[in-house]
Amino acid sequence: MRFSKAHAYGNDFLYVRAADVDGAALDTLARELCDRHTGIGADGLILYTATPDGASMCLFNADGSRSEVSGNGVRGLAALMLRDDDRPAVPITIHSQGGVKHLVRSERARTRQTFRAAMGLPANLRQVTVTAGGEPLELAVMTFGNPQCVTLGPLPDEERFRRLGPALEHHELFPARTNVEFAFVESPASIRILIWERGVGPTLSSGTGSCAALIAAAAFGGAARDAEVIAPGGRQRVEWCDDNVYLTGWAEVLFDGEWLR
């Protein structure tokens, strides 16, 4: 089986052609490949098929559960599909279970490719108050291709982060579990986040999570609708426009076409 690996700001994914694993137990395969001690190691496994306009994808989290979409995973797949294309301003479309994502590559600097991706618009955006991890919390929740939950305020310390992250992921409010972002509005143009990814745990970055954090911060926390979102792995630009939410950042193919036996 051939596989590739790419990451965006440390949020890493393995990519395998869907036809190469037809009939396999995909949840088990994802757990085995993504294990950082006994496998290759990654936050998720993406099975893909080339299409005339780009590619289609199916995402499994590191724990073997299914996920609708990943903003960083989408961008990594776009970088993989365009690795041999040197044209400027290349458009590409990625079809995911969380919607069709249209990207344009704006820059290529050695191994890193920068994309501006149209990620869609939030659905059912609202504020709710819940009790989780032993404390009351006000949340901004939404669907953004996948379920998202954002807490606004000072970032938690390590103990509180690891207590609230899984408590919110598995809260009864979210029957399919949820991604969790802790977001602090440093200024209208700067938001700092920590991420607890559904089915993964702490991650260095999240594309959809960065978008959700900006949406929550702009709707309820005084941030602008165009801001930098800074995760432990780096900063991405998010623009919440009337027609779409746009995510700009880079992805890097680490290796391509390796063989696993």
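**Close-up views of a predicted model**

View 1. D12 is buried, with a relative accessible area of 6% (buried is under 20%, exposed over 50% and partly exposed in between, with a 1.4 Å probe and protein chains only). This is a predicted model, so local features need pLDDT of at least 70 and side-chain atom pairs pLDDT 80 or more, while totals for chains, interfaces and linings use all residues. Numbering runs from 1 along each chain as its sequence is written, and side-chain values use heavy atoms, without hydrogens or water.

R36 makes a salt bridge with D12, and their closest N and O atoms sit 2.7 Å apart (a salt bridge has a Lys or Arg side-chain nitrogen within 4 Å of an Asp or Glu carboxyl oxygen). R36 belongs to the loop between α1 (26-34) and β3 (44-51) and D12 to strand β2, so the pair ties together parts 24 residues apart in sequence (helices are DSSP runs of H or I with at least four residues, strands runs of E with at least two, numbered from the N terminus).

**View 2. N11 and its polar partners.** N11 is found in strand β2, residues 11-17, and is buried, at a relative accessible area of 1%. Its side chain makes a polar contact of 2.8 Å with that of D43 (N or O atoms within 3.5 Å, one able to donate a hydrogen and the other to accept it; sequence neighbours count only if both atoms are side-chain atoms). A second polar contact, of 3.0 Å, joins the side chains of N11 and N72.

View 3. In one, D85 pairs with R87, with closest N and O atoms 2.7 Å apart; D85 counts as buried at 17%, whereas R87 is exposed at 51%. In another, E159 and R163 come to 3.0 Å. E159 and R163 both lie in helix α3 (residues 158-169), four residues apart, or about one turn of the helix. R163 is partly exposed, at 29%.

**View 4. Lining of the largest pocket.** Here a pocket is an open set of points on a 1 Å grid with protein on both sides within 12 Å along at least five of seven lines, and lining residues have an atom within 4 Å of a point. Residues lining the largest pocket include N124, R126, M142, F174 and R177. At least two lining residues come from each of β9 (123-132), β10 (135-143) and β11 (147-152). The biggest contributor is β10, with three residues.

Conventions:
On a 1 Å grid over the protein atoms alone, a cavity is a set of points where a 1.4 Å probe fits but cannot get out, and a pocket is an open set with protein on both sides within 12 Å along at least five of seven lines; lining residues have an atom within 4 Å of a point.
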